[in-house]
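I opened the notebook to look up the build of one chain, and then how it meets its neighbour.

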Amino acid sequence: MIDERIYEQFCEIGRDLYTAGMISSHGGNISIRVGDRVIIKRRGAQLGRLKPHDLIETGLFKNDSGVALASTELLAHRTIYMRTPALAIVHCHPRAAIAFSLSRDEIVPIDNEASYLLKKVPVITEEFASGTPEMANKLADALTAYKIVMLRGHGSFAIGQTLDEAFHWSTTLEESCQIALWAKLINEPFIEYRGMSQGYTRW
Amino acid sequence: MGGWMGKILDVNLTSGEITIKPLDMEMAQQYLGGRGLGARLLWDEVGPDVDPLSERNVLIFTTGPLTGTGYQTSNRFSVSTKSPLTGTVLDANSGGYWGMQFKRTGFDGLIVRGKSPSPVYLEITPAGVHIKDASGLWGKRVRETTSLLGQNNNRRNVLCIGPAGENLSRIAAIMNDGERSLARGGPGAVMGSKNLKAIVVEGKDRPEVLDQELFKFMLYETRKLLKASPLTSQALPEFGTVVMMNIVNAVGALPTRNFRQAQFEHAEDISGETLKEKYLVKNTACWACPIGCTRVSKTDKVEGEGPEYETTWAFGAQCGINDLAAIIEANTLCNDLGMDTISAGSTIACAMELSELGLLDSDLRFGRADLLAPTLEAMAYRRDVGAELADGSLRLATKVGRPDLSMSVKGLEMPAYDPRGMQGQGLLYATSNRGACHMRGNMLGLEVLGLPKLIDRFQVQGKSSYVILHQNAAAAIDSLVICKFTNMGVAEEYFARALSAITGIKYATGDLIRVGERVWNLERLYNLREGFTRADDTLPPRLLQEAIPDGPSKGWVNHLEPMLKEYYRARGWDENGVPLRTKLEELGLSEWMEVAA
């Protein structure tokens with residue numbers, strides 16, 4: 001039985017991801033770790049319109065019948081939980097961030113908020129960018145050191161102690177990438193306003 | 001070598017032998033320093049057949065790879081021993097200057113073993129390590145001892161015990177720099193049992209930082225975050241830790257009158273705001289600390305550092321006392337006697353309830369502020385009713401047949417958060433390896449302050465995950481060693497990078513948390529070896545059975561059992577709380593598999 005409070009958290013974050021344009025109607029997935037269990041969105045469910053039966057509980061280390069219903073990214077979520085301190089994961093498809101991921105190996109924000117919160121976001125590449133052990137391992141490796149990473153051409157994976165926190169990193173990245181796009185459109189020389197900003201690339 | 005000094009000093013007070021050993025670098029990388037290194041060394045040194053107050057127990061003072069580097073709050077150090085109060089593994093850490101200065105003597109750790117035939121103190125300076133006669137100091141209080149031994153914050157630092165430690169009170173603290181304390185679990189009694197009055201340090205060596213460029217960046221970024229957080233840049237500097245009084249009271253989680261209630265009607269009288277308005281003299285700070293939560297307070301009778309939130313609660317709400325001047329005076333006295341203020345206050349509260357019930361022959365009653373100071377004196381010298389209180393609330397309450405009225409876990413008195421109003425805090429207390437402790441994981445941050453994000457404090461499902469993460473993080477931070485208040489503005493990813501910069505060894509955030517998990521499991525094994533079982537992972541019956549009578553947490557008890565079951569599974573332990581083989585192998589602890597078996 002999933003606590004009603006947990007269902008409410010999923011509904012709120014799922015709805016906000018959709019209304020913020022961070023996912024398509026059926027895209028993205030979110031989960032939390034509950035002890036040695038994982039609660040994750042049902043495969044094919046709409047994050048913006050979650051119903052109680054759209055939350056699937058399954059084992060973190062062991063399979064049970066829940067895996068038949070869980071999101072296709074369950075393997076990635078499990079691997080991340082097993083190898084990082086994450087207690088919540090938000091995977092979404094932020095458009096500007098995906099656009100940047102197509103041409104660079106890391107995204108180094110230029111705006112204040114993301115510089116402050118994220119410093120640098122690595123971009124990782126995987127040919128089969130969904131549901132494979134290779135992708136799961138690469139993601140988990142990167143997330144031992146970073147709280148959000150981009151999977152090239154696919155989307156972001158953010159970890160946190162709560163869904164709220166992982167959502168925060170996701171929206172911060174997308175906002176930062178949109179600002180970078182506008183700055184490119186303005187196309188004027190960048191005036192550095194941050195102290196020790198050279199340190200961000202070493203993050 | 002970055003961060004570590006590479007040497008352990010070993011002093012045998014029985015034989016007078018002084019030896020210097022190399023630091024095992026593989027061990028250092030796995031356990032870092034502070035609490036972790038202390039637990040690892042203690043494992044080899046003190047087994048289950050050793051009485052904590054016998055000469056076979058040891059005191060292990062450790063710094064960490066961050067200590068003394070200048071990273072924010074890198075002033076801290078740790079002591080590890082077997083606790084005479086709880087019988088568990090024990091570590092306590094403290095700020096001030098002593099830790100930084102000890103590191104400068106060129107050692108990462110100091111093991112004190114044996115027992116001197118007469119009172120001595122230890123002096124560690126560039127001139128050498130000497131065991132000196134302390135017969136003229138024995139019997140003196142902490143302030144006088146510290147002064148007589150030449151305390152000078154940036155040059156020469158003194159750590160000592162007071163009368164409570166000399167008289168083997170099981171709640172005696174070790175004090176450093178005059179008024180800082182290694183407080184919990186009775187390490188002062190272990191020092192007293194060795195006839196060791198003080199340790200004086202003067203150093204000149206600074207730990208090396210291997211990647212200066214990255215380190216400077218980490219200093220810059222950490223400072224930026226600490227400035228940005230209202231908690232670390234405004235609330236703590238302006239009001240000290242007592243800022244929590246009104247906050248915790250407002251949510252109905254302020255234990256009052258020995259946990260009979262969870263809101264104190266006079267909380268405002270003992271709040272940080274009142275302290276600032278009426279008694280604050282000035283703010284001070286530990287070495288390399290930009291937060292500066294320490295304050296000096298003054299009443300008509302005393303002037304001294306503090307009081308901290310926990311102390312103000314222990315002598316205040318927990319005893320039903322709203323006389324802040326009396327609380328400040330009790331704090332100053334307790335520091336001078338060298339006693340843990342949380343355990344002292346909570347033991348007095350327990351005695352108040354027992355006396356009101358007619359089970360203890362004393363005048364102690366809730367609200368009797370006039371009896372605080374004389375009771376503390378009596379406890380430190382084991383006089384009159386104080387003799388009954390000197391070894392903590394559990395021994396006191398057990399003696400009169402009501403152990404249930406000791407608000408403790410594994411014999412260590414609970415701090416100032418009611419587990420009925422903060423469900424995760426209850427699980428934290430119940431599973432804490434040194435007994436009930438709020439510093440073993442920051443559930444206050446999650447359940448009340450919203451750090452990093454607010455979670456539902458009454459939620460039960462999933463709480464184990466938070467508790468485990470924060471226990472592991474706390475163990476890692478205690479092994480670095482830095483102040484946990486830094487963690488209220490700065491996340492572990494910063495500490496991992498600072499550690500990497502200093503040592504030249506790459507630690508990702510996950511690696512640092514994994515160190516904490518290793519330390520936690522080793523401590524668990526230690527307690528299992530001592531005979532502790534699942535039955536010890538519990539809370540006082542009052543918190544499991546008696547609902548909070550009124551206020552925002554009205555009607556709640558702590559729902560420990562489902563959280564505990566979830567906790568064991570999530571930890572990779574069996575249903576009795578014993579680490580599974582797979583978990584021990586994963587953490588590199590498999591050589592002690594037979595303990596778990």
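What radius of gyration would a compact globule of 597 residues have, and what does chain B have? I noted that this is a predicted model, in which local features need pLDDT of at least 70 and side-chain atom pairs count only at pLDDT 80 or more, while totals for chains, interfaces and linings use all residues. Residues are numbered from 1 along each chain as its sequence is written, and chains are lettered from A and ligands numbered from 1 in the order in which they are written.

With 597 residues, I would expect a compact globule to come near 25 Å, and chain B has 22 Å, which agrees; the radius is taken over C-alpha atoms, and the globule rule is 2.2 Å times the number of residues to the power 0.38. I read the span of the C-alpha trace of chain B along its principal axes as about 60 × 55 × 50 Å.

I then looked at burial, where a residue is buried if 20 or more other C-beta atoms, placed from the backbone, lie within 10 Å of its own, and found that buried residues make up 63% of the 597 in chain B.

Next I looked up the contact between the chains, counting two residues as in contact if their C-beta atoms, placed from the backbone, lie within 7 Å. The contact takes 24 residues from chain B and 23 residues from chain A. By class, I have 11 nonpolar, seven polar and six charged residues on the side of chain B that touches chain A, with Ala, Val, Leu, Ile, Met, Phe, Trp, Tyr, Cys and Pro counted as nonpolar, Asp, Glu, Lys and Arg as charged, and the others, Gly among them, as polar.

How values were computed: A residue is buried if 20 or more other C-beta atoms lie within 10 Å of its own, exposed if 12 or fewer, and partly exposed in between; C-beta atoms are placed from the backbone.
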